[in-house]
Amino acid sequence: MSQTETTKDLVLDLENLNVRFETEDGICYAVNGLDMKIERGKAIGLVGETGAGKTTTALSLLRLVPDPPGVVECDKMVINGHDMLNISIKELEKIRGKDISMIFQDPMTALNPVFTVGDQIAESIMLHEGVSMADAQRKAIDMLELVGIPGERAGEYPHEFSGGMKQRVVIAIALACHPQLLIADEPTTALDVTIQAQVLDLMRNLRQQYQTSLIMITHDLGIVAEVCDDVAVMYGGNIVEEGTLEDVFNHTLHPYTEGLFNSLPNINDRKAKLTPIRGLMLDPMDMPPGCPFSPRCPYADEKCDEPQVKKYVSETHAIRCCAYERPGFHIDRKER
Amino acid sequence: MADNILEVKNLKKYFKTKRGVLQAVDDVSFTLERGKTLGLVGESGCGKSTTGRSILRLIEPTAGEIIFDGKEIHKLSKSQMRHVRKDMQLIFQDPYSSLDPRKTVSQLIAEPIIANKLMKTKSEVDLRVAELMSTVGLAPRLFNTYPHELDGGRRQRIGIARALAMRPQFIVCDEPVSALDVSIQAQILNLLKELQEQFELSYIFITHDLSVVNHFSDDIAVMYLGKIVEKAPSEELFANPLHPYTKALLSAIPIPELGEKRERIIIKGEITSPINMPDECRFYKRCSYACDRCKSIPPLEEVSPGHFVACSCLDSI
Ligand SMILES: Nc1ncnc2c1ncn2[C@@H]1O[C@H](COP(=O)(O)OP(=O)(O)OP(=O)(O)O)[C@@H](O)[C@H]1O
Ligand SMILES: Nc1ncnc2c1ncn2[C@@H]1O[C@H](COP(=O)(O)OP(=O)(O)OP(=O)(O)O)[C@@H](O)[C@H]1O
Ligand SMILES: [Mg+2]
Ligand SMILES: [Mg+2]
């Protein structure tokens with residue numbers, strides 16, 4: 001994520017992604033001109049309120065947006081050297097799992113109840129590595145042990161596993177072919193903090209071992225602080241602020257990011273009243289012409305009715321917001 | 001003497017399953033002072049919801065005493081219970097699935113008023129619905145809206161209005177904000193706090209989000225496999241956790257700040273099966289301090305005023 005990326009080893013190079021859903025009720029503008037570049041080995045946290053377009057962005061990268069009603073348009077989508085926009089279905093199937101792989105939010109729906117967990121991991125390995133079933137089975141057992149489940153449980157069915165174990169099986173499947181880019185969509189929301197800690201630990205270790213790049217989609221800024229190198233904050237289908245953890249957490253520039261942090265309970269002052277972001281959630285069927293956050297933004301003026309362009313304030317830190325250029329503008333971050 | 005709205009003594013709820021007896025709630029005791037909030041935390045399946053539902057007698061407890069506002073409600077018949085239940089309400093986690101999609105906002109809020117015959121005429125009901133909508137911050141223009149047209153925060157406000165319709169004294173909030181994003185979560189938590197002050201409500205607040213429970217509760221009880229393993233005033237619990245499970249739980253909260261990383265205690269192993277549990281400390285198999293003393297169930301004992309712990313090895317931790 002930097003201005004001078006030409007020489008960088010990019011796992012993802014995405015330019016001007018637009019996704020809309022053409023439904024009976026109207027057109028939902030889910031993603032609007034999003035760019036994203038990820039260097040090999042980096043982990044980026046994708047945060048933003050419900051409906052911001054995080055999952056839709058992820059599904060676009062896997063070319064899994066349902067069509068109809070989804071319409072995906074994009075100038076450039078290169079994943080690990082593959083031009084995803086000009087590719088056959090057959091090649092696509094090979095790339096999914098091997099180059100890019102996704103952990104879906106709900107482990108229950110991602111697993112097939114009628115196959116053993118071992119077979120489900122093995123199947124994915126067979127498909128991508130072209131090895132025999134016996135070899136794939138052996139590797140599946142290795143993968144299970146890697147995620148902390150005893151290999152002898154490979155013959156059990158998903159319902160015999162706890163929620164945390166199922167989620168680890170899903171992670172084992174996603175990692176079985178050592179994808180170069182892993183997308184994790186709220187991978188731990190269904191889990192308790194203690195199990196969550198185990199799973200995050202596991203993902204961190206695996207990332208070190210295999211140089212996997214990661215897109216971590218989450219509402220939890222604590223998780224981002226713990227696992228990611230960079231952060232992208234989404235609002236209304238686009239990234240409104242992006243940068244390193246240090247940039248976004250400690251030098252916040254976008255008013256929406258400010259609101260997000262200020263809504264969190266203050267750990268040091270239990271009695272403090274919480275301060276939610278004022279106003280209504282954005283309706284993606286009725287997008288304002290300019291900055292999508294302007295109707296709720298305490299700093300908005302008439303300049304915000306024009307489309308916002310991305311501006312770099314440093315090598316790594318970029319925002320879509322004109323307010324910070326005004327004299328005297330500063331973000332108001334609550335003491336935590 | 002403290003004015004207790006609720007006293008729970010030795011509450012048990014066992015389920016018979018194919019593989020044996022599941023001790024979902026096993027000998028839980030606590031008191032809740034009027035106007036206060038008790039937070040109930042612990043990992044998935046530890047018995048939080050079952051505790052809440054047993055207290056309201058939405059499911060029948062296997063054993064134990066529940067004294068609500070001076071009445072021994074565990075002794076009441078089902079029909080006697082109906083009168084008391086007006087005073088005791090439940091707010092669910094999932095505002096999406098707990099509302100009938102074919103009813104409008106006003107119909108949903110009117111439902112408990114009509115079902116309990118609190119008001120006679122339509123105009124009385126409408127007036128009360130309008131009043132409740134304003135109390136929970138739902139705009140009057142949403143009167144005839146359907147829940148699917150609303151965001152999660154507003155749907156949760158409908159659930160709260162329905163609970164308030166009965167003018168309860170006590171509400172069990174079962175993960176009321178877990179499905180919401182942080183900003184809407186803040187709105188709902190503020191609302192619940194304001195309502196508590198306005199109507200002197202007492203809450204049991206169930207959650208697995210520890211930063212929320214810390215903000216919201218006066219006391220916190222930590223449950224593990226059907227038992228309360230530690231209970232203390234919130235500040236005390238966060239400042240001075242004593243049970244090894246509580247320590248691990250608190251150390252595992254991801255903090256949205258950069259800087260020095262905390263020492264994290266990772267609990268080893270899997271959650272123990274709650275079926276046919278042996279008579280040993282419930283945390284025995286996963287505890288790094290476990291010793292022979294832990295092979296019997298430790299009682300919940302007061303170690304300093306208001307701070308209770310169930311652990312046999314406190315001296316060696
Ligand atoms: N299949 C679909 N048909 C119609 N609209 C859709 C579809 N999928 C997503 N949308 C809409 O696109 C927008 C973006 O949704 P998306 O699921 O990407 O949000 P998100 O950021 O992942 O939110 P959350 O945090 O709730 O998961 C939303 O307004 C959503 O209603
Ligand atoms: N009707 C039932 N029949 C059999 N077992 C049940 C029933 N209801 C709950 N249980 C079991 O009782 C235990 C406690 O469940 P409970 O729903 O109270 O947990 P919880 O702490 O609320 O968990 P969560 O955080 O996932 O909501 C679990 O092992 C659950 O599987
Ligand atoms: Mg999503
Ligand atoms: Mg529950």
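In the predicted model, a polar backbone atom of C46(B) lies 3.3 Å from an oxygen atom of ligand 2. The backbone of G47(B) also takes part, with an N or O atom 3.0 Å from an oxygen atom of the ligand. From S49(B), a polar side-chain atom is placed 2.7 Å from a ligand oxygen atom. Ligand 2 taken alone exposes 640 Å², and 62% of that area is buried by the protein.

The shell around ligand 2 consists of 13 residues, the closest being S44(B), G45(B), K48(B), S49(B) and T50(B). By class, five of the shell residues are nonpolar, five are polar and three are charged. At least two shell residues each come from strand 2 (20-33) and helix 1 (48-55) of chain B. Helix 1 of chain B makes the largest contribution, three residues.

Between the protein chains, 43 residues of chain A are in contact with 43 residues of chain B. The buried area is about 3600 Å², and carbon and sulfur atoms account for 57% of it. One salt bridge is counted between the two chains; it joins the side chains of K273(A) and E194(B), with an N to O distance of 2.8 Å. Three residue pairs are in polar contact across the interface, both residues being at pLDDT 80 or more.

On the side of chain A that touches chain B, at least two residues each are supplied by helix 6 (163-175), helix 7 (193-210), helix 8 (221-227), helix 9 (245-250) and helix 10 (255-262) of chain A. Helix 7 of chain A provides the largest share, seven residues. This side of chain A comprises 21 nonpolar, 11 polar and 11 charged residues.

Methods:
Residues are numbered from 1 along each chain as its sequence is written. Chains are lettered from A and ligands numbered from 1 in the order in which they are written. This is a predicted model: local features need pLDDT of at least 70, side-chain atom pairs count only at pLDDT 80 or more; totals for chains, interfaces and linings use all residues. Side-chain values use heavy atoms; hydrogens and water are left out. A residue is near a molecule or strand if one of its heavy atoms lies within 4 Å of it. A polar contact is a pair of N or O atoms within 3.5 Å; within protein, one must be able to donate a hydrogen and the other to accept it, and residues adjacent in sequence count only if both atoms are side-chain atoms. Accessible areas come from the Shrake-Rupley method with a 1.4 Å probe; for residues, only the protein chains shown count as cover. Helices (H or I, at least four residues) and strands (E, at least two) are DSSP runs, numbered from the N terminus. Ala, Val, Leu, Ile, Met, Phe, Trp, Tyr, Cys and Pro count as nonpolar, Asp, Glu, Lys and Arg as charged, and the others, Gly among them, as polar. Contact means heavy atoms within 4.5 Å. Buried area is the accessible area (1.4 Å probe) that two parts lose on being put together, summed over both. A salt bridge is a side-chain nitrogen of Lys or Arg within 4 Å of a carboxyl oxygen of Asp or Glu.
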